[in-house]
Amino acid sequence: MTDKVLVVDDEQPVRDLLLTWLEEAGYETCFGTNGLEGLQALYEHRPDLVIADIMMPEMDGFEFCRQVRQVSKAPIMILSGLGQEVEKIKGFDLGADDYVVKPVGMDEFLARAAALIRGPGGQIRRRSMKTATRTARSPSNANATRCGSEVSGSI
């Protein structure tokens with residue numbers, strides 16, 4: 001059974017890059033472009049891991065995290081450009097299992113995702129990870145390829 005990951009981020013270049021990394025690592029993916037869409041996708045797809053940005057329209061990542069935790073035991077990774085200690089603590093207090101500050105490299109991101117899905121004391125499952133220098137961050141210029149199409153713009 002393939003693990004399913006929900007990515008909720010309003011920045012399309014970042015979202016596309018994260019989805020590409022996850023798909024190349026063998027995960028099934030689904031996404032939302034804001035917190036409300038993310039909740040819809042959560043109910044529809046029942047993911048094994050939820051990854052969310054903080055700064056989003058409609059519903060920010062903190063409120064999204066709080067609502068996810070009320071209805072799901074899936075691990076939550078916050079992936080945000082907001083890196084102050086107070087923001088990290090707020091994320092953990094609302095139910096996040098991990099808080100990653102952008103920029104983050106592909107290998108670290110995938111390792112954290114795998115660890116969250118595995119859970120404490122879980123069996124290590126090796127996934128093929130391609131070495132790359134791409135990082136998810138906000139903002140910069142980068143190009144990525146997803147499903148055979150080039151994705152370009154600010155990430």
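## Strand β3 and its partners

A52 stands opposite I78 in β4. Here, helices (H or I, at least four residues) and strands (E, at least two) are DSSP runs, numbered from the N terminus. From β3 the chain passes through helix α3 (residues 61-71) to β4, a right-handed β-α-β crossover. Right-handed means that, with the strands pointing away from the viewer, the path from the first strand over the helix to the second runs clockwise.

β3 pairs with strand β4 (residues 76-80) in the parallel sense, over three bridges. Two strands pair if DSSP finds at least two bridges between them. Strand β1 (residues 4-8) also runs parallel to β3, joined by four bridges. There, V7 has I51 as its bridge partner.

## How the model was read

This is a predicted model: local features need pLDDT of at least 70, side-chain atom pairs count only at pLDDT 80 or more, and totals for chains, interfaces and linings use all residues. Residues are numbered from 1 along each chain as its sequence is written, and side-chain values use heavy atoms, with hydrogens and water left out.

## Buried and exposed

Strand β3 (residues 49-52) is covered on both faces. L49 and I51 are buried on one side, V50 and A52 on the other. Buried means under 20% relative accessible area, exposed over 50%, partly exposed in between (1.4 Å probe, protein chains only).

D93 lies in helix α4 (residues 85-93). D93 counts as exposed because its relative accessibility is 65%. Its C-alpha atom is 9.8 Å from that of C65, 28 residues away along the chain.

## Cysteines

C65 has a relative accessible area of 1%, so C65 is buried. C30 is buried too, at 8%. The structure holds zero disulfides (pairs of cysteine sulfur atoms within 2.5 Å).
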